Protein chains: 2
Amino acid sequence: MAEQDHSLPTGVLEALAAIVGEAHLRLGEKIRELDVGEDPNNLGASALVSPASTAEVAAVVALCGRYGVPIVTHGGRTGLVGGGTSSPGEVVLSTRRMNRIERLDPDERVAVVEAGCGLQALQEAALPHRLDPGIDLAARGTATIGGMISTNAGGIMAFRNGVMRHRVLGLEAVLPDGSIYSDLTRVVKNAAGYDLKHLLIGAEGTLGIVTRAALKLEPLPAAHAVALFGFPSVAAALATLRRALAAGVGQLRAAEAMWASYFHHVARHFNWSAPGFDMSQAVYVILSLGGADEESLQEELAAILVDLQCDHPQITAVLAGSLAQEQAIWRLREESGVIYRDHPDAPSFDVSVPLSELDAYVNRITAGLAAIEEGLAPFVFGHLADGNLHIMLNRSAEATSAPVLAAVEGVLYDNIRALGGSFSAEHGVGSKRIHALYATADPVKLRLMQSVKQTLDPAGILNPGKVVDVSRLPG
Amino acid sequence: MAEQDHSLPTGVLEALAAIVGEAHLRLGEKIRELDVGEDPNNLGASALVSPASTAEVAAVVALCGRYGVPIVTHGGRTGLVGGGTSSPGEVVLSTRRMNRIERLDPDERVAVVEAGCGLQALQEAALPHRLDPGIDLAARGTATIGGMISTNAGGIMAFRNGVMRHRVLGLEAVLPDGSIYSDLTRVVKNAAGYDLKHLLIGAEGTLGIVTRAALKLEPLPAAHAVALFGFPSVAAALATLRRALAAGVGQLRAAEAMWASYFHHVARHFNWSAPGFDMSQAVYVILSLGGADEESLQEELAAILVDLQCDHPQITAVLAGSLAQEQAIWRLREESGVIYRDHPDAPSFDVSVPLSELDAYVNRITAGLAAIEEGLAPFVFGHLADGNLHIMLNRSAEATSAPVLAAVEGVLYDNIRALGGSFSAEHGVGSKRIHALYATADPVKLRLMQSVKQTLDPAGILNPGKVVDVSRLPG
């Protein structure tokens, strides 16, 4: 046993080691050796345990409850809003060792996995059955299913398949009192009382620790085809989206949008261009169709272009004719991190806006940011079909003062709930967005959130300081 | 004002009339003039109010809370498990007057409706935009959106589009304290704190009264084609289902199954047969494909048959070549009520079973019922792709003694949760299935349900005696 950490009560470390085995308890510098992930404060805890089973998780939670030691649960540490930050006196519970795919039944189209199973691992296991988890995101190699459930992850297919909440058929979780909530149903229809798993989904580890889940899988088309479209207006992009959603051949699987300033930045970075593709458009959208064979899907993409050019002759498009071309197009959207090279740690945001409000919203925030400071502007990209915009400032974190940041949030979040949108589309609340939640949410909802937190976790053992602020009166 | 009903506290009726207007308050026999719906005890209340707005609903709830008068909310009264039964001393709140479609935006693919809006009314309003609520069920003409949300309705497209819970983007509801929970977001991605609308969805009016909702709409295919298949085995039916889910042309929109005894009963009733269609099969399934044009969809259905006949040469099928043929096929499945002609009020059940367990389940319950009493047998039909089986006894309610009924439930619900299924797929719990919930549910879940009910509705104002039994200790 390593030296005692005085920020934890005497006896806790020995008891934790007895539960998970000494090899699976890390202390001090041994914690800091791990990959810290997307937030520099993820690994501030006094101890990190890696249980191997639901029973071990339950024992850890019961133990920490007895000693009053808070627990922060970690999956892949890909969260962007500080949902996994930890401090001395806290214990991090990593689901890393609980990564099994316990069942994958092609007739049921259901997978049962442990929380630490990676998204890509599940995608790869489902592939031979021509099935797919129905949800995909850029962090697929690192993000875990448990983390995606706890943050209600979204990604690029949410407009078709829903967000993580809609993929979960059954759930097992350890509650703050150490009891095990066991609802591993593998059916989509279940009207057997309150569906309390939805309290745990998206609660970012504040109401329970997800240990296992049954997930719905989707048939994976045999072929796909990808095109990049350039549009003179958001209206033209939306008209094309409607046409693509009603495709006669195949199904739309992605509609990823990039507004001009973002697009030009990444295209320049990757030195991307294509013969005949007009780079002076207002919005660019990657459309991906899935279906039975590639040739007919490419013909359908070409037909979409022809159909839409009747009303919008300026529309331009390039079809990916090879895997290399396809990857080069996708890179423009997925490698948004290149913005950070010019603007280190540029403040970034993640909002949802109903599609009818999209154009006005982007215009309004563009004007609003310019009014805060000359030259301040947003890079805007995201998921067109569900109105989820990712917004990065053209300004490093260091160069953005606190008052400017507050003014930016004021512009971005102004009236967003009344508009029918959300200040947090898929990144959650974590520790960094609590102020935005309390600034924008319905006070009745905030009050109910606090009641629920206090009912389930009266001692505040699970992920304190995240999502909900029990000390705060909403209003 | 009619004569005072002594089962209500003095002053309540006057106050209710002041809120909704005297014309919208019914008492005594005036209540019994209404269509009682699916349960003879729906209209036992002392008063029935029909508010016109969320504000009026909130005022009614606050008033009843002050007087301690329970409220039972009614939509279309199509519930099958007694979720809407009411007694003297209670007030029924009908959403009948709150039936507006407030918004239907084809670009957003979102509708915002009041709770009393009927499913068919919404389907008809969406049709000109080639959109659809994405959920359908036989009671479409009567069922309301609010009722469907409160019971988390399922229907025939749940395998593709999810159940009602998955269709709701935003929700407004009146909570038991009379406050208004307002979360009418119109986006699918919303990670802004606990998603508490899921507490209200499927709670059958015990935690709040749904007043408005924003619903996701789906593109409606231009054409569809329907075929009835006959299969020698469930395995052959499931293999065909997998092939149909991966259809190269069009998308599967329905896969409705009928086991032999049910099928033969209804086919005989409607005098249905088709040339060359072999009626000696074990399972019959209606497959419906939607897509761009009918001819190619019919070709795809024919191709599915040919593909599957390689492994299962006995498979038989008939394609609907006309609307009349299509309707005749659908009638076999949707007019399940004809069973009642021979077996009045035959006890019926509604379970979900994972697809890999389907065949064994039906075989087990068939044997189990026969072991209870000679000749006792199930009529089985339902939604193949999501494992939702409807089961009716070949026995009138009158001829089924309480001990036999209990033995039947013992057989049907035995081990169903451990199997990964549910004793209630889409009909809910209501007042009639509470014993089954408490017999099959995880005790941790039951305890949490009771905590949630007590947190939200400590006085037990909303729909008491339904879903959750606060007086009961689970275990």
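Author: Start with A:Val380, which stands opposite A:Ile391 in β18(A). This is a predicted model, so keep that in mind as you look around. The strand to follow is β17, residues 378-383 of chain A, and it is mostly covered: six of its six residues are buried. Strand β18 (residues 388-393) of chain A is joined to β17(A) by six bridges, and the two run antiparallel. Together β17(A) and β18(A) make a hairpin with four residues between the strands, and there A:Gly387 takes a positive phi near 70°.

β17(A) has another partner too: three bridges join it to strand β13 (residues 251-259) of chain A, again with the strands antiparallel. Here, look for A:Met258, which sits opposite A:Phe381 of β17(A).

Now for the charged pairs. Side chains of opposite charge can pair when their charged atoms come close. Searching the whole structure turns up 46 salt bridges over all chains.

Take A:Glu218 and A:Arg167, whose side chains meet in a salt bridge at 2.9 Å, N to O. This pair links distant parts of the chain, 51 residues apart: A:Glu218 belongs to strand β11 (residues 218-219) of chain A, and A:Arg167 to helix α7 (residues 164-167) of chain A. Are these two buried or exposed? A:Glu218 counts as buried at 15% relative accessibility, and A:Arg167 is buried as well, with a relative accessible area of 2%.

Compare that with A:Arg26 and A:Glu33, which form a salt bridge with their closest N and O atoms 3.9 Å apart. A:Arg26 is partly exposed, its relative accessible area being 29%, while A:Glu33 is exposed at 55%.

Over in chain B, the side chains of B:Lys432 and B:Asp39 meet in a salt bridge of 3.2 Å, N to O. B:Lys432 lies in the loop between α15 (402-413) and α16 (434-440) of chain B, and B:Asp39 in the loop between α2 (29-32) and β2 (47-49) of chain B, so the pair ties together parts 393 residues apart in sequence. B:Lys432 counts as partly exposed at 41% relative accessibility, whereas B:Asp39, at 2%, counts as buried. Back in chain A, salt bridges that share partners join A:Arg100, A:Glu102, A:Glu114, A:Glu172 and A:Arg212 into one network.

Notes:
Residues numbered from 1 in each chain as written. Chains lettered and ligands numbered in written order. Predicted model: local features only at pLDDT ≥ 70, side-chain atom pairs only at ≥ 80, totals over all residues. Heavy atoms only, no water. Salt bridge = Lys/Arg side-chain N within 4 Å of Asp/Glu carboxyl O. Buried < 20%, exposed > 50% of the residue type's maximum accessible area, 1.4 Å probe, protein only. Pairing = 2+ DSSP bridges.
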